[in-house]
Amino acid sequence: MTAATDVGRAPGRRSRQAPPVRVIVLRRSDFRESSRIVTCVSREHGRLTGLAKGAHRPDSPFLGRVDFLNELMATFSPDRGGLRLLERAELVCERRSLREPLRFLAASHLAQLCDFAMLDDRPEPDVFDLLLGGLNLLERCPAAAVQHVVLGLELRLLAALGALPDLHHCVVCDSPLGDHGFRVDETPGLVCRTHAPPPYYAISPAVLHLLRTLHDSSGRQWPGLPFTIPARLAAPLPALWLAAATEQRPRLRAMLFARD
Ligand SMILES: [Zn+2]
C-alpha cells in the first residue's frame with residue numbers, strides 16, 4: 001500500500017469531468033505511438049475502458065500509475081458512444097507484494113476470471129468486491145496458502161455467477177451426499193451413487209471436504225485452515241465448473257496448479 005499520490009491531469013481536458021471512480025486496472029494495450037487503452041473495473045460501473053493519451057511519454061502523469069492490478073481513483077470523460085478518455089488517475093494502491101511470481105500468477109488468474117465475469121458499463125458489485133478482497137488476501141496470505149485461497153476465490157466467483165453446484169446434495173434427487181459424491185459427464189453438478197450410471201467418476205472424500213470447508217469459511221479464515229491435501233488435487237472440479245461458466249479454459253490456471 002502507498003499513500004495516495006496525485007498525478008495531475010492529462011493535457012487539454014479541463015471541463016465537465018465526471019466524478020472520479022475507484023477502479024482496478026485489468027488490461028492495457030498500446031494505441032498508436034504514445035498512448036494506451038486501459039481497461040479497468042469499478043464497483044459502480046462494471047468494466048470501463050478509456051484512452052490514456054500520451055501515457056508512454058516520459059513526462060506523462062499516467063506513467064507508473066495505470067499499471068496492471070493498481071487501484072486508482074480514475075476520471076473518465078462522459079460516455080458519448082465512442083472510446084472514452086481516461087482524463088485523470090490518482091494512485092491509491094500499487095500492490096508491490098503481488099510481484100512475487102506465485103502471487104502474481106494467482107492474482108493474474110483472478111483478474112482474468114473477473115474480467116470474464118464482468119460486462120462493459122454494467123455493475124457487478126459482488127464480482128468487484130471479490131476481486132478487491134481476493135487481491136488483498138493474495139498479498140498477505142502465507143505463500144503455502146496461495147493455491148487454497150485461489151480455490152476459495154473460484155468457489156466464491158462461481159457462487160456469484162450462479163454456477164456453483166450444491167456441494168452437499170445430489171443434483172438429481174437432492175439427497176445428502178455425505179462423504180461420497182460422484183460426477184457424470186452429463187452435468188457439472190454432483191450426484192449420489194444411485195444417480196451415477198457408468199461411466200462415473202468418484203470424488204475423493206478429502207477433495208469434497210476441502211471444497212466444502214473453503215465454501216463454508218470466510219475468506220479471512222482460509223489462510224489459517226488446516227488443509228490436509230494439496231490444492232491441486234481438488235483443482236479439477238472447480239476447473240470444470242469454471243469452464244462451463246465462462247466457456248473458456250483459463251490458461252493461467254493450468255500454470256498455477258502445475259506448481260508444487
Ligand atoms: Zn441422487
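Predicted model: local features only at pLDDT ≥ 70, side-chain atom pairs only at ≥ 80, totals over all residues.

**Entry 1: the whole chain.** I counted the elements and got 7 helices and 7 strands in the protein chain. Walking along the sequence, I wrote down the order as β-β-β-β-β-α-α-α-β-β-α-α-α-α. I then looked up the extent of the C-alpha trace, which spans about 70 × 40 × 30 Å along its principal axes. For burial, I find that 36% of the 260 residues count as buried. I also checked sequence separation: among contacts with a separation of 6 or more, 59% are between residues 24 or more positions apart.

**Entry 2: α1 against α2.** How do the axes of α1 and α2 cross? I have α1 as residues 101-117 and α2 as residues 125-140, with axes that come within 10 Å and cross at roughly 180°. Angles over 145 degrees count as roughly antiparallel, so I log α1 and α2 as roughly antiparallel to each other. On the α1 side, the contact is made by R103, A106, A107, L110, A111, C114 and A117. Facing them from α2, I list V127, L130, L131, G134, L135, L138 and E139. Sorted by class, this contact has 11 nonpolar, 1 polar and 2 charged residues.

**Entry 3: α3 by itself.** I looked at α3 (residues 146-160) next. Is α3 mostly covered or mostly open? Mostly covered: 13 of its 15 residues are buried. I checked its length too, and the 15 residues reach 21 Å from first C-alpha to last, close to the 21 Å expected at 1.5 Å a residue. Just after α3, I noted that G162 takes a positive phi of about 70°.

**Entry 4: α3 against α4.** What angle do the axes of α3 and α4 make? With α4 at residues 205-216, I get a crossing of roughly 70°, and the axes come within 9 Å. The range for roughly perpendicular is 65 to 115 degrees, so α3 and α4 go down as roughly perpendicular to each other. I have the crossing as right-handed. Which residues meet there? From α3 I list H148, L151, G152 and L155, and from α4 L211, L214 and H215.

**Entry 5: recap.** My two helix pairs come out as α1 and α2 roughly antiparallel, and α3 and α4 roughly perpendicular.

Key: Residues numbered from 1 in each chain as written. Axes fitted to C-alpha atoms, helices over the stretch in contact; angles between N-to-C directions. Helix = DSSP H or I, 4+ residues; strand = E, 2+ residues; numbered from the N terminus. Parallel < 35°, antiparallel > 145°, perpendicular 65-115°, else oblique. Left-handed = near helix turned anticlockwise from the far one by under 90°. Contact = placed C-beta atoms within 7 Å. Buried ≥ 20, exposed ≤ 12 C-beta atoms within 10 Å, placed from the backbone. Expected span 1.5 Å × (residues − 1). Nonpolar A, V, L, I, M, F, W, Y, C, P; charged D, E, K, R; others polar.
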